[in-house]
Amino acid sequence: MNWDDYIKKHTKKIDEALDSLLPGELTAPATIHKAMRYSVFNGGKRLRPLIAIASSEYMDVDVDRTVYSMGAMIEMVHAYSLVHDDLPSMDNDDFRRGKPTVHRLFSEAIAILAGDALLTMAFEVMGMLGSYKTNGDIGALLTGFASAIGSRGLVGGQVMDLERRNAKPTPEDILFIHKNKTAALMMFAAIAPALFFKKRTYLPDMRSYGESLGMAFQIGDDIVDHHKGEGEPSAVDVFGMDGAKKLFHEYMDKAEGAIRYEKKGVSLIAVCDWVKQEFRV
Ligand code: IPE
Ligand code: IPE
Ligand code: MG
Ligand code: MG
């Protein structure tokens with residue numbers, strides 16, 4: 001299967017999982033369910049669920065309803081993080097994916113609450129995974145997920161990102177911010193199947209793959225966003241454009257280098273190629 005067909009096939013399944021898991025738009029109170037759905041079905045690439053799917057293939061886990069739901073669970077947290085990231089008190093962005101942000105279209109209060117509800121819903125979905133596969137290690141998945149997205153992960157990265165506005169961050173600050181605000185969730189997407197399906201021998205390689213890919217991804221985003229000059233901590237400001245590009249490729253090489261079994265790793269490598277293409281770095 002070529003990569004375009006692969007993406008099409010799996011994103012359709014992820015979208016179906018999200019659609020069936022999220023409350024309908026008419027479910028009371030309708031406003032929040034509309035806002036949640038708006039933030040989720042607004043043209044996202046589904047990169048993190050695709051990492052979880054490719055990682056499952058790598059460790060011979062069948063890609064079925066459980067894996068798609070796992071991907072949906074991760075995407076819900078990704079969507080929440082973006083809704084909150086765009087808020088006036090954070091990045092104050094009016095558009096995301098070319099469309100009005102949730103707080104612009106609904107209200108700031110609804111955007112905060114939609115983010116809260118998406119984050120909470122992800123844990124409800126995790127509970128469902130436990131009922132789909134009763135022998136799955138839900139405890140390991142829960143600990144891994146919560147630690148990746150809490151104050152020692154995504155939230156912590158966002159805090160440091162806010163605290164380094166308009167004051168030049170050090171290289172260590174940038175690496176800390178990128179590792180936590182972006183790479184932590186991608187790292188979790190890569191290790192989630194290993195945690196839940198008890199394929200622990202794959203953990204170190206998948207951790208390295210997901211984290212390196214996430215670092216490269218945020219550096220790529222900084223390179224693309226550079227012209228905006230919004231005062232948000234950026235790898236380009238700290239390392240220079242050439243330095244940031246070099247670092248992007250170093251992390252990409254590290255991600256690809258973590259894939260030991262070439263045959264089973266074709267999708268994981270294709271994800272790397274996709275990200276490289278996306279940023280044209
Ligand atoms: C955007 O992530 C936020 C960053 C971590 C830079 P994506 O580019 O994966 O977001 P969507 O969901 O595809 O829009
Ligand atoms: C987003 O980082 C990271 C999270 C939402 C956790 P950015 O603020 O750099 O991403 P964009 O440019 O708004 O997508
Ligand atoms: Mg931000
Ligand atoms: Mg932002």
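User: How far does helix 6 reach from its first C-alpha to its last?
Analyst: Helix 6 takes in residues 108-132, 25 residues in total. Helices are DSSP runs of H or I with at least four residues, strands are runs of E with at least two, and both are numbered from the N terminus. The expected span of a helix is 1.5 Å times one less than its number of residues. For helix 6 that gives 36 Å, and the reach is close to it, at 36 Å.

User: Which pLDDT do local features need?
Analyst: Residues are numbered from 1 along each chain as its sequence is written, while chains are lettered from A and ligands numbered from 1 in the order in which they are written. The model is predicted, with totals for chains, interfaces and linings using all residues, side-chain atom pairs counting only at pLDDT 80 or more, and local features needing pLDDT of at least 70.

User: Which elements are included in what covers the buried residues of helix 6?
Analyst: A residue is buried if 20 or more other C-beta atoms, placed from the backbone, lie within 10 Å of its own, exposed if 12 or fewer do, and partly exposed in between. By that count helix 6 buries Ile110, Ala111, Ala114, Gly115, Ala117, Leu118, Met121, Ala122, Val125 and Met126. Cover is a matter of contact, with C-beta atoms placed from the backbone within 7 Å. The cover for these residues includes helix 1, helix 2, helix 4, helix 5 (102-105) and helix 7 (138-149).

User: What is the radius of gyration of the protein?
Analyst: The protein has 12 helices and 2 strands, in the order α-α-α-α-β-β-α-α-α-α-α-α-α-α from the N terminus. The radius of gyration is taken over C-alpha atoms, and the globule rule is 2.2 Å times the number of residues to the power 0.38. For 281 residues the rule gives 19 Å, and the protein comes close to this, so it is as compact as a globular protein of that length, with a radius of 18 Å.

User: What share of the residues of the protein counts as buried?
Analyst: The C-alpha atoms fill a box of roughly 50 × 50 × 35 Å along the principal axes. Of contacts between residues at least 6 apart in sequence, 70% join residues at least 24 apart. Among the 281 residues, the buried share is 46%.

User: Which residues does phenylalanine 188 touch, not counting residues up to four places away in sequence?
Analyst: Phe188 is one of the residues that touch the most other members of the largest nonpolar core. With residues up to four places away in sequence set aside, its contacts are Ile74, Gly144, Phe145 and Ala148.

User: Which helix gives the largest share of the shell around ligand 2?
Analyst: A residue belongs to the shell if its C-beta atom, placed from the backbone, lies within 6 Å of the ligand. Around ligand 2 these are Ser81, Leu82, Asp85, Asp91, Leu154, Gln158, Lys181, Thr182, Asp221 and Asp225. The largest share, 3 residues, comes from helix 4.

User: How many residues of the shell around ligand 1 are charged?
Analyst: Ligand 1 has Gly44, Lys45, Leu47, Arg97, Thr182, Gln218 and Asp221 around it. Ala, Val, Leu, Ile, Met, Phe, Trp, Tyr, Cys and Pro count as nonpolar, Asp, Glu, Lys and Arg as charged, and the others, Gly among them, as polar. The shell has 1 nonpolar residue and 3 polar ones, and the number of charged residues is 3.

User: Is arginine 280 buried or exposed?
Analyst: Arg280 lies in the segment after helix 12 (266-279). Its phi is near 45 degrees, a positive value in a residue other than glycine. With 8 C-beta neighbours inside 10 Å, Arg280 counts as exposed.

User: Which two residues does a cis peptide bond join?
Analyst: Proline 29 sits in the loop between helix 1 (3-21) and helix 2 (30-40). The cis bond has an omega of about -10 degrees and joins alanine 28 and proline 29.

How values were computed
Contact = placed C-beta atoms within 7 Å. Core = buried A, V, L, I, M, F, W, Y, C linked by C-beta atoms within 7 Å.
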